[in-house]
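Take a look at the sequence and the structure shown here. Keep both in view while you read.

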Amino acid sequence: MVQKKILGAAMIGHAVESYDFVIYGSSATIIAEHFFPEDNPTLAILSTLAVYGIAFVVRPVGAAVFGSIGDRLGRRTALSTVVLIMAISTAAIALLPGYSTAGIAAPLLLLCCRLGQGISMGAEYTSAASYVMEQAPANRRGLWISAVGSASFIGSAFAAFALLALHSTSPHAYTEWTWRIAFLFGGLMALVGLYMRLSLEETSTFRNLEARGGTSASPVRESFRNWRLFLVLFTIFALLAVVVHNLLGYLPTYLITTGGLPEVTVLVAGGTALLLCTGLCILTGALTDRIGRKPLLITGVVIAVTGSVPAYILASYGTLLTTLAAETLLIIPAALIGIPATVMAIELVPPHIRTTSTALAYNTAYAVFGGTAPLLGALLTQHFGQLAPGTYIAALAAAALIVITTALPETRNHTTTTPQPHKHDRESTSLRPTPYRGFR
């Protein structure tokens, strides 16, 4: 019962995060019509995708602020705060006036909502994963973390099917106003998450740190001291960001504008593929506890290198079957990279800066590579052809493979807790975690 409570509260925030991405990405053409001038549809779509990307710029700010709250005031406090901001930011989009009503204020208000969403997401996933890691049995850390990671695909699939239901009920009403219901429902889901998280207890790891006077006074500064680990984690999360946000943020638009697929077909294919990925995430988590994190991570990166270009070839055929195949070629590396990478990051970072350090590496990578993925995908397709987005993913994956194989240690047997000194003895090096040394 306690395990279900912990996992449910951790999962719902990440599910809402990915739900928001999918309803925005899948509704990009509709949002463009409502919030931007109609005289240039291509520019309107690019502007909509740019707003999607700009929100990522503030994610490192959210990581620094709420990651520090998690390390200084407690994991539970950070989790509750971010999901509240998420609820407000998502639901507000449902109530915004369009360009025909408010003029230039419409896209500016949309941008404000996306910035609020970006700040809240800056510490959502890594804070939830850190909380779960500190509650999990040592031999099941990968499996427990995979439940949090799978929430991304559960939320994404739910979003796809919610949009499909709204579209099927009345295509005209969907393009006019019922798409707003999806955003409103996302806000309500986040409020449920707030209620669940307020009922959680703080982790024993943080309570012990607090009792020993071992919490960090400057978790952001301490996180950047070990810059080698930051760069390695940044590289892995950058690849994950590009894969995931090509899948969630750009591929739906690509399939409609380039592949010529009806929106209903895109939603059906996307929801089905994402549900399949949920099971793959859980399987990946269980395997990381049995055979290790690194072998599965390397497998995922190799598939990203070899499968990304074929994915976009298949996507250009414009059928349901080829669309499912294309999405599968992106979903497999997303699961195989995302779960081991998250587990390894949290296991490598010492407890007193765990939420800050992992959040900064994850969200800086997502700000640079995740937020730009849909817009860059559209621009690459426009200037270099239909296979350019897949080539971009493959190139990043090849670079990440070199870093992973040479600089990342296996962490399956790595301890996640380290005794911390009292405040008056804080500089004692004998009690500090062994720092990451880089290439090995």
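This is a predicted model: local features need pLDDT of at least 70, side-chain atom pairs count only at pLDDT 80 or more; totals for chains, interfaces and linings use all residues.

## Helix 16

Helix 16 covers residues 320-348. How far apart should its ends be? At 1.5 Å a residue, its 29 residues should span 42 Å. The end C-alpha atoms are 42 Å apart, which agrees.

Of the 29 residues, 22 are buried, so helix 16 is largely enclosed by the rest of the structure. Glutamate 347 sits in this helix. Is glutamate 347 buried or exposed? Its relative accessible area is 1%, and buried means under 20%, so glutamate 347 is buried. Its side chain makes a polar contact of 2.9 Å with the side chain of arginine 141.

## Nonpolar cores

The largest nonpolar core has 127 residues. Leu110, Phe237 and Leu297 have the most contacts inside it. Helix 13, residues 227-257, gives the most to this core: 20 residues.

Now follow leucine 297. Setting aside neighbours within four places in sequence, leucine 297 is in contact with Ile236, Leu336, Ile337, Pro340, Ala341, Met344, Ile404 and Leu408. A second core, of five residues, is separate. Among its members are Phe66, Ile69, Val82 and Ala123.

## The second largest pocket

How much space lies in the second largest pocket? The volume is about 210 Å³. Lining residues include Thr42, Ile45, Leu46 and Leu49. Tyr250, Thr253, Ala378 and Gln382 are also among them.

Notes:
Residues are numbered from 1 along each chain as its sequence is written. Side-chain values use heavy atoms; hydrogens and water are left out. Helices (H or I, at least four residues) and strands (E, at least two) are DSSP runs, numbered from the N terminus. The expected span of a helix is 1.5 Å times one less than its number of residues. Buried means under 20% relative accessible area, exposed over 50%, partly exposed in between (1.4 Å probe, protein chains only). A polar contact is a pair of N or O atoms within 3.5 Å; within protein, one must be able to donate a hydrogen and the other to accept it, and residues adjacent in sequence count only if both atoms are side-chain atoms. A nonpolar core is a set of buried Ala, Val, Leu, Ile, Met, Phe, Trp, Tyr and Cys residues joined through side-chain atoms within 4.5 Å. Contact means heavy atoms within 4.5 Å. On a 1 Å grid over the protein atoms alone, a cavity is a set of points where a 1.4 Å probe fits but cannot get out, and a pocket is an open set with protein on both sides within 12 Å along at least five of seven lines; lining residues have an atom within 4 Å of a point. Grid points are joined across faces, edges and corners, and a volume is the space filled by probe spheres set on the points.
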